[in-house]
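Here are my notes on this one, as numbered points. Have the model open while you read.

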Amino acid sequence: MSDVNAPADIDRLGAMVAREPIAPEPRFRDLVVRVIFARASTSIAAIVVVIFFVIAAGATWIAPYDPLEQSFIAVNQLPSWQHWIGTDQFGRDVLSRLIYGSQNSLVFGALSPLFAAIIGGILGVSAGFFGGVTDRIVRRIIDMLMAFPELLLAILIAAALGGSFWNVIIVLTVAFTPGFARVARASTLAVKQEPYVEAAVAAGVRTPVIIFRHVVPNILAPIVVLMTLWSASAIRVEATLAFLGLGTQPPHPSWGNIIRDGLENMFATSWPILAGGFAITVVVLAISILGDSVRDALDPEVNQ
Amino acid sequence: MSGKLLDIRGLSVEFGPVRNPVRVVDDVSFAVRPGEAVGLVGESGSGKSITALSVLRLVPEPPGRVSGHILFEGTDLLPLPRSRMNAIRGKEISMVFQEPMSSLNPVMTIGEQVAEVLMLHGETDRERRRARVIELLGLVGVPDPQSRLSAYPHEFSGGMRQRVMIAIAVACNPKLLIADEPTTALDVTIQAQVLELMLDIRRRYKSAILLISHDLGVIAEICERVVVMYAGRIVEDAGIRSLFAGPKHPYTQGLLKSVPTLFDDRRRLYQIPGSVPTPGSSRQGCSFRPRCPVALDRCATETPPLIHHGAGHLAACWAIAAEDAA
């Protein structure tokens, strides 16, 4: 090692010459901070989402009444100190039903994009990585599923299978899978071309290890963004299914069937519809804003 | 084995349709002896990189089709099952690539990436692996290796990343190190340091080196023997002194004449007239014929074989064969 060991010089030279315009990889913590405090709207959205989580997680303690408890002496009440947003046609406390309904939304909003990301990710990565016949088969499946509007597909499956909890999860997962598969496939195709993947092959790394250590971590960012964006969709679609009577079945509360019950009773009290619609709007909007911010934060073009 | 570490015989690589293939490497044969440094020179598209990639079986098949024999310590690598190939890759034969900027995984730390190859090829003990990684990084001249283990590639400059790549390549004391234009993406000062490092690695590990470059200066710095490729074929194969003192093939002569020197006055640089034939164009005769100043009639119809012109100096040219005969 004659004159190679002049680290200070080498570093200085390297810094002078190789000042390349590559955006630094954001550390996770910095990223979270940057996402949340980038804009006021994002901060508010983050607060809303946190409140939503707290309410859903602590429903048992927060809700003033049992959401299933009926009362014949207190039907269709307007807001009062006992029932903050009144009662429905069975005398159930609407606020408590909304609070318990948030659990539903949270579970579907979190689980179905997650399952869709896993299944779609597996399909997309294998299509992108192996190409050939695998790619052709996966692409056909994606195209076929994509030809249906996701809601229509969801209604189709829910109608065929019925509206139990797991069926709704399956419905949403199937509806969201093709989108994840597409993104995963496209990203994999890009990453596969990277010299570090070829270098790993040249170093004797086995194919499964290449996929899990070198490909998957590098395509996670767009998948995570898609998950945030689609958990909003999942909440919306779940509410729609419940509204149509294909999702969560009464008497169990869900924001969708709170609106549905309210609709039948609209002229007695419009509060359940308004409150349910308000809850869906606020949460979906907040999650969407958060998802957009995550995407912006990960996109070097927007993030100047 | 007869003292040959790597023995490439009749290697051909084709792309495109079977009926009308594009031959990017055409009947290439040469050998690398243990501990020897061989340079593979040629212009862009001469097939030198594909030749190197096929040694590690990195040419995608399909669409590529590789034929011939690549003997490594007497074993033909081409028909080897994937699992045995993986055991050779990175351990017996390793490779340094051209783009240091993107040859490292951006989401893994430097330490993890060097450790990965050690783990693959049998170092199971975590602490020993860590110690070896630090040793390797120090060896290739990464300052303060201990604290750099947890750094990510974007925190390194191009020269430093190429050093890390070299550390990964030499981690398992390979018998053959293939370097595909390792210095092309670097600026001159860093180039010199990386070349110095490769020489040092060679002295230390007694590895053979197959250096691919279009830069004769880089080859002259490191190698003992040079293989010159043109349009997918070997046109000359000679010891470094022999080649620089007396190039035989008109293409090599042209190449050496077009190297600028420090002492000439500012005259226009020599250039070989014409340009490289596109891959897949007619393969009849000598592919250098259209640009050759000494072409004979038979050059248009017969492909010249690679024959000896003096000890260890091979060239493929009818004109010099005729000259020798006269």
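1. In strand 12 of chain B, B:Ala315 is the residue facing B:Glu236. Strand 10 (residues 233-239) and strand 12 (residues 314-315) of chain B run antiparallel and are joined by two bridges. For the terms: strands are DSSP runs of E with at least two residues, helices are runs of H or I with at least four, and both are numbered from the N terminus. Two strands pair if DSSP finds at least two bridges between them.

2. Some housekeeping. This is a predicted model, where local features need pLDDT of at least 70 and side-chain atom pairs count only at pLDDT 80 or more, while totals for chains, interfaces and linings use all residues. Residues are numbered from 1 along each chain as its sequence is written, and chains are lettered from A and ligands numbered from 1 in the order in which they are written.

3. Now the whole sheet in chain B. It is open and mixed, with eight strands in the order 6-7-8-3-9-10-12-11. Strand 6 (93-96) and strand 11 (307-308) of chain B are the edges, each pairing on one side only.

4. Which residues of strand 9 of chain B are buried on one side and on the other? On one side they are B:Arg225, B:Val227 and B:Met229, and on the other B:Val226, B:Val228 and B:Tyr230. Strand 9 (residues 225-230) of chain B is largely enclosed by the rest of the structure because six of its six residues are buried. Buried means 20 or more other C-beta atoms within 10 Å of the residue's own, exposed means 12 or fewer, and partly exposed is in between, with C-beta atoms placed from the backbone. As background, side chains in a regular strand alternate between the two faces of the sheet.

5. Strand 9 of chain B has partners to look at. Strand 3 (residues 37-41) of chain B runs parallel to strand 9, with four bridges, and B:Leu40 sits opposite B:Val227. Strand 10 of chain B runs antiparallel to strand 9, with six bridges; here B:Met229 has B:Ile234 as its bridge partner. The hairpin of strands 9 and 10 of chain B has two residues between the strands, and B:Ala231 there takes a positive phi near 50 degrees.

6. Helix 1 (residues 48-55) of chain B is mostly covered, with eight of its eight residues buried. Among them are B:Lys48, B:Ile50 and B:Ala52. Just after helix 1 of chain B comes B:Arg57, with a positive phi of about 55 degrees.

7. On to the core. The largest nonpolar core has 167 residues, and B:Val114, B:Val164, B:Ala167, B:Ile178 and B:Leu210 have the most contacts inside it. Helix 10 (residues 207-243) of chain A gives the most to this core, at 15 residues. Such a core is a set of buried Ala, Val, Leu, Ile, Met, Phe, Trp, Tyr and Cys residues joined through C-beta atoms within 7 Å. Leaving out residues up to four places away in sequence, B:Leu210 touches B:Val32, B:Val38, B:Leu40, B:Ala52, B:Leu176 and B:Ile178. Contact here means C-beta atoms, placed from the backbone, within 7 Å.

8. B:Glu181, between strand 7 (176-180) and helix 7 (188-205) of chain B, has a positive phi of about 45 degrees although it is not a glycine. B:Glu181 is buried, with 20 other C-beta atoms within 10 Å. B:Lys206, in the loop between helix 7 and strand 8 (208-213) of chain B, also is not a glycine and has a positive phi of about 55 degrees. B:Lys206 counts as exposed, with 11 C-beta neighbours inside 10 Å. B:Gly35, in the loop between strand 2 (22-32) and strand 3 of chain B, is in contact with B:Lys206 and B:Ala208, leaving aside neighbours within four places in sequence. B:Gly35 is partly exposed, with 16 other C-beta atoms within 10 Å.

9. Finally, chain A. Here there are 12 helices and zero strands. Of the 304 residues of chain A, 43% count as buried.

How values were computed
Contact = placed C-beta atoms within 7 Å.
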